[in-house]
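Colleague: I would like to learn how to read the features of this structure. Please take them in turn, with the general idea ahead of each case.

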Amino acid sequence: MSDLSIQSANLAIDSYLGGQNARKQVHELSSQMMNLYDKVGDLTFEMILRYQPVASDFRLIRSSLEISYGFTRLSRYAYDITMVRETFGDLSDCKNEVIYTLSGEIKQMVQLAVECFATLDLDKAHELRTDEDLVDKYYNKHLPMLITMGNVKCALADALVLRYMERMADHAAFVGDSVNYIVTGARTY
């Protein structure tokens, strides 16, 4: 699921900025994620019933289900980004400055979320929360500025993609919060 999250996020953002339509490819990745999410749910249910885990094991099992949902949402937002291009058509007149600026950060956060879970690294979990706060500040600052764009089509497309990227940052940070819960037993938000 982690590899598919990275693939779908990178493909959606790159195709949007590059003017390509990757809707079908990202939809396929998102569908695969939903299937895997169902399998994770079945496995967690089986582990709880069969092994009756103690507190630390239960935290890992519960959080694994939550993290798999987070990865699934990342791929769904990636699909939503591809749908913006599908819906609005040719956006070659758009400068996408806001999207370009934020795209590297979002891709890095998705990668960091995967690494954070794979290693149960609390430093990476903290970094994700810090990065998410920065993305929120950027989002809140730049969203109102899109109104001043002369091209309404570009402003709407950028606003939607910016929102989806902000949500991707939220879910990446949520993975870090879940890792913190696995390791320490404490929730952070």
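Modeller: Helices (H or I, at least four residues) and strands (E, at least two) are DSSP runs, numbered from the N terminus. With that rule, threonine 82 lies in helix H3. This is a predicted model, where local features need pLDDT of at least 70, side-chain atom pairs count only at pLDDT 80 or more, and totals for chains, interfaces and linings use all residues. Residues are numbered from 1 along each chain as its sequence is written, and side-chain values use heavy atoms, with hydrogens and water left out.

Colleague: How many helices and strands does the protein have?

Modeller: There are six helices and zero strands. Read from the N terminus, the order of elements is α-α-α-α-α-α.

Colleague: What does the radius of gyration say about the protein?

Modeller: The radius is taken over C-alpha atoms, and the globule rule is 2.2 Å times the number of residues to the power 0.38. For 189 residues a compact globule would come near 16 Å, and the protein has 18 Å, which agrees. Along the principal axes, the C-alpha atoms fill a box of roughly 60 × 30 × 20 Å.

Colleague: How is burial read, and what share of the residues count as buried?

Modeller: Buried means under 20% relative accessible area, exposed over 50%, and partly exposed in between (1.4 Å probe, protein chains only). Of the 189 residues, 44% count as buried. Accessible areas come from the Shrake-Rupley method with a 1.4 Å probe, and for residues only the protein chains shown count as cover. The accessible surface of the protein is about 9,600 Å², and carbon and sulfur atoms hold 55% of that.

Colleague: And contacts?

Modeller: Contact means heavy atoms within 4.5 Å. Among contacts in the protein with a separation of 6 or more, 80% come from residues 24 or more positions apart.

Colleague: At what angle do helix H1 and helix H4 pack?

Modeller: Axes are lines fitted to C-alpha atoms, for helices over the stretch in contact, and angles run from 0 to 180 degrees between N-to-C directions. H1 (residues 2-18) and H4 (residues 97-119) pack at about 175 degrees, with axes 9 Å apart. Angles under 35 degrees count as roughly parallel, over 145 as roughly antiparallel, 65 to 115 as roughly perpendicular and the rest as oblique. H1 and H4 are therefore roughly antiparallel to each other. The residues making this contact include Ala9, Asn10, Ile13 and Asp14 of H1, and Ile106, Lys107 and Val110 of H4. As classes, Ala, Val, Leu, Ile, Met, Phe, Trp, Tyr, Cys and Pro count as nonpolar, Asp, Glu, Lys and Arg as charged, and the others, Gly among them, as polar. The residues of the H1 contact with H4 divide into ten nonpolar, five polar and two charged.

Colleague: Is lysine 107 buried or partly exposed, and what does it touch?

Modeller: Lysine 107, in helix H4, is partly exposed at a relative accessible area of 24%. Leaving out residues up to four places away in sequence, lysine 107 touches Asn10, Ile13 and Asp14. Its C-alpha atom is separated by 6.7 Å from that of alanine 9, 98 residues apart along the chain.

Colleague: Where does isoleucine 106 lie, and with which residues is it in contact?

Modeller: Isoleucine 106 also lies in helix H4 and counts as buried, at 1% relative accessibility. Beyond its neighbours within four places in sequence, isoleucine 106 is in contact with Ile13, Val135, Met165, Met168 and Ala169.

Colleague: Which residues does leucine 74 touch?

Modeller: Leucine 74 is found in helix H3 (residues 55-88) and is buried, with a relative accessible area of 0%. Not counting residues up to four places away in sequence, leucine 74 touches Ser5, Val110, Met168, His171 and Ala172. Threonine 82 of H3 is buried as well, at 2%. With the same exclusion, threonine 82 touches Ala12, Ser15, Ala22, Arg23 and Val26.

Colleague: What is the phi of asparagine 96?

Modeller: Most residues other than glycine have a negative phi. Asparagine 96 has a positive phi of about 55 degrees; asparagine 96 lies in the loop between H3 and H4 and is buried, at 5%. Leucine 120 has a positive phi near 50 degrees. Leucine 120 sits in the loop between H4 and helix H5 (122-142) and is partly exposed, at 33%.
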